[in-house]
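Here is a short tour of a structure for you to follow on screen. Take a look at the sequence and the 3D view, and then read on.

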Amino acid sequence: LVLYKKLKNAGARVFAEDPLIKINEEKGLDVVANLKKKLSFYDAIILSTPHKEFNRLNFRTISKKTIVIDLNNVLSKKKKQLIEKLNIKMFTLGMN
């Protein structure tokens, strides 16, 4: 929530999706029902929770201009290699 609020306050259009829980809009979040279907829409995708479900995202559908930021190093080596092969900028923090 902290990152979400900081980005919103900076003027970014921010959408949230968590594959394991239902986020309700009473917390003031713009919620994406299914991130997998809308990857081409975003300028940046920030994976801020360590859910292995993010490895199921089809990174072939995102724009070459999209930046992927993996804050928990959750993406598999295979996914990271695919992202690199597709010439998509990616930044990773954390440890597996």
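## A lysine and its polar partners

A polar atom of the Lys79 side chain lies 3.2 Å from the backbone oxygen of Asn55, and the backbone oxygen of Leu57 is 2.6 Å from a polar atom of that side chain. Leaving aside neighbours within four places in sequence, Lys79 is in contact (heavy atoms within 4.5 Å) with Asn55, Arg56, Leu57, Asn58 and Phe59.

Lys79 is found in helix α2, residues 77–85; helices are DSSP runs of H or I with at least four residues, strands are E runs of at least two, and both are numbered from the N terminus.

Strands β1 (residues 44–47) and β2 (residues 67–70) run parallel, joined by 4 bridges; pairing takes at least two DSSP bridges.

The open sheet has 3 strands in the order β1-β2-β3, with parallel pairing. Its edge strands are β1 and β3 (89–92), each pairing on one side only.

## About the model

This is a predicted model, in which local features need pLDDT of at least 70 and side-chain atom pairs count only at pLDDT 80 or more, while totals for chains, interfaces and linings use all residues. Residues are numbered from 1 along each chain as its sequence is written, and side-chain values use heavy atoms, leaving out hydrogens and water.

Terms used:
Buried means under 20% relative accessible area, exposed over 50%, partly exposed in between (1.4 Å probe, protein chains only). A polar contact is a pair of N or O atoms within 3.5 Å; within protein, one must be able to donate a hydrogen and the other to accept it, and residues adjacent in sequence count only if both atoms are side-chain atoms.
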